[in-house]
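Me: I am new to this structure. Could you walk me through how to read it, one feature at a time?

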Amino acid sequence: MGLHKSRWNEGMHDYLILGQGLAGSLLAWQLVNAGARVLVIDNGHRSASSRVAAGLINPLAGMRFNAAAETAEWLASMRTTYAAIAEAMRASPYLHEIPMQRLLRSPQQRRFWERQQANPVARPYLGRPLAPEAFDPGIRAPHGGFEQRSTGYVDLPRLLDDLRTWLKSMQAIEQAEVHYPDIVTSPEAVSVGPHRARHLLCCEGYRMQQNPWFADLPLQPDKGELLRLESERPLCRHIINGAHWLIPLQAGGYRFGSTHEHRQIDNLATDAARDALQQGLQALLVDGADIRVSEHTAGVRPATSDRHPMLGTHANDRRLHLFNGFGARGALTIPWYGIRMREYLLAQRPLPAQADIKRFA
Ligand SMILES: Cc1cc2nc3c(=O)[nH]c(=O)nc-3n(C[C@H](O)[C@H](O)[C@H](O)COP(=O)(O)OP(=O)(O)OC[C@H]3O[C@@H](n4cnc5c(N)ncnc54)[C@H](O)[C@@H]3O)c2cc1C
């Protein structure tokens, strides 16, 4: 493997973390701040979906606008975690809260919205109904829609870069590809090449499919592609969310996405997805002329069969743990689950049952 032994990393760590995507980064943040000795090993984000993700925060999921029971807690943890990191890094906020205009895709879908009005978990995020002409100028919304609250996006690339710099300042990150045969566990410790620790936390995103200890868990990788757009004229003020979403970025430009592909799992941007996205954009905008695509990226969401994350300890090896499976909603949920995982590891608190990998036993 590509790990080089150096003086600083000799000796025992409390935790080795495999992967510095959002999951590995926020878990490292929790554990270091609790006083643990941590070393993160990452291959330079070679397959990081966190670098590709739009970081959209949307408490109401899918066509039926479902809200999970934990939504309010997810939002609270997300706000405090991203704010605390920005303060510690002396950085401008990573989280940009921007209200959303949600399009109804058909008259039938209005029923789902009406049903959620009676749901106390979803109701706080539902704003007023919107007639087609109440959308931002230039947005085509033939079936109207509604306003949504507690939405926004997280600037994930900048967050990951800053956390990497922070880890480097503590000599707590190593850039290397980990090959699974180089992971050796014993009753006393786990070693990854020259590095030893009491525990290994696996946070390698969709590549956990290759991890021999956890590969049998039902991950359902979901490839996605998105575009970055530039336009001389404003396209929207709100986040627009229908069949696709359009996010106005703080730094200028827009993100437009995304696609879902379950058969061809890789990080390659394709012409077919670009065409599909451009058709989606034409359907959303009254006038799609003069819009330039400045970037087209692809990544793989670590989605799971039951749409809940996968957290916990290997059934036969108490030194190996998993913190993964955050699917399409990592920016919203990882901060809360990072706290739960820290409490599980350091204080032996039970994990939330819906996310504990024991459910697959
Ligand atoms: C197109 C697209 C759009 C998305 N949009 C959103 C969105 O709007 N909002 C949202 O919340 N989520 C979104 N997501 C999902 C989001 O990316 C994930 O929920 C989250 O980022 C997953 O983080 P992770 O740390 O688990 O995985 P990753 O970000 O994939 O991180 C894993 C890390 O481990 C490294 N690694 C893997 N194997 C090894 C190895 N053997 N050795 C060394 N390093 C290794 C990888 O290179 C990577 O750096 C989107 C994803 C995609 C693909």
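Predicted model: local features only at pLDDT ≥ 70, side-chain atom pairs only at ≥ 80, totals over all residues.

Me: Which residue ranges belong to domain 1 and domain 2?

Reply: The domain assignment gives 7-52 + 157-218 + 308-360 for domain 1. Domain 2 covers 97-151 + 220-301.

Me: How much area do domain 1 and domain 2 bury between them?

Reply: The size of an interface is often given as the accessible area lost when the parts come together. Here domain 1 and domain 2 bury about 820 Å², with 59% of it on carbon and sulfur atoms. On the domain 1 side, Ser-49, Val-52 and Tyr-206 lose the most area, together 62% of what that side buries.

Me: How many salt bridges and polar contacts are there between domain 1 and domain 2?

Reply: The salt bridge count is zero. One residue pair is in polar contact.

Me: Now a strand. Why is β12 described as largely enclosed?

Reply: Look at burial, residue by residue. Strand β12 spans residues 195-202, and six of its eight residues are buried, so the rest of the structure largely encloses it.

Me: Which strands pair with β12, and in what sense?

Reply: Take them in turn. β1 (residues 12-18) runs parallel to β12, joined by six bridges. There, His-13 has Ala-197 as its bridge partner. β11 (residues 190-192) is antiparallel to β12, with three bridges. Val-192 partners His-195. In the hairpin of β11 and β12, two residues lie between the strands, and Gly-193 takes a positive phi near 55°. β19 (residues 317-324) pairs with β12 in the parallel sense over three bridges. Leu-201 stands opposite His-321 in β19.

Terms used:
Residues numbered from 1 in each chain as written. Heavy atoms only, no water. Buried < 20%, exposed > 50% of the residue type's maximum accessible area, 1.4 Å probe, protein only. Helix = DSSP H or I, 4+ residues; strand = E, 2+ residues; numbered from the N terminus. Pairing = 2+ DSSP bridges. Domains from an automatic or database assignment. Buried area = accessible area lost by both parts, 1.4 Å probe. Salt bridge = Lys/Arg side-chain N within 4 Å of Asp/Glu carboxyl O. Polar contact = N/O pair within 3.5 Å; in protein donor to acceptor, adjacent residues only side chain to side chain.
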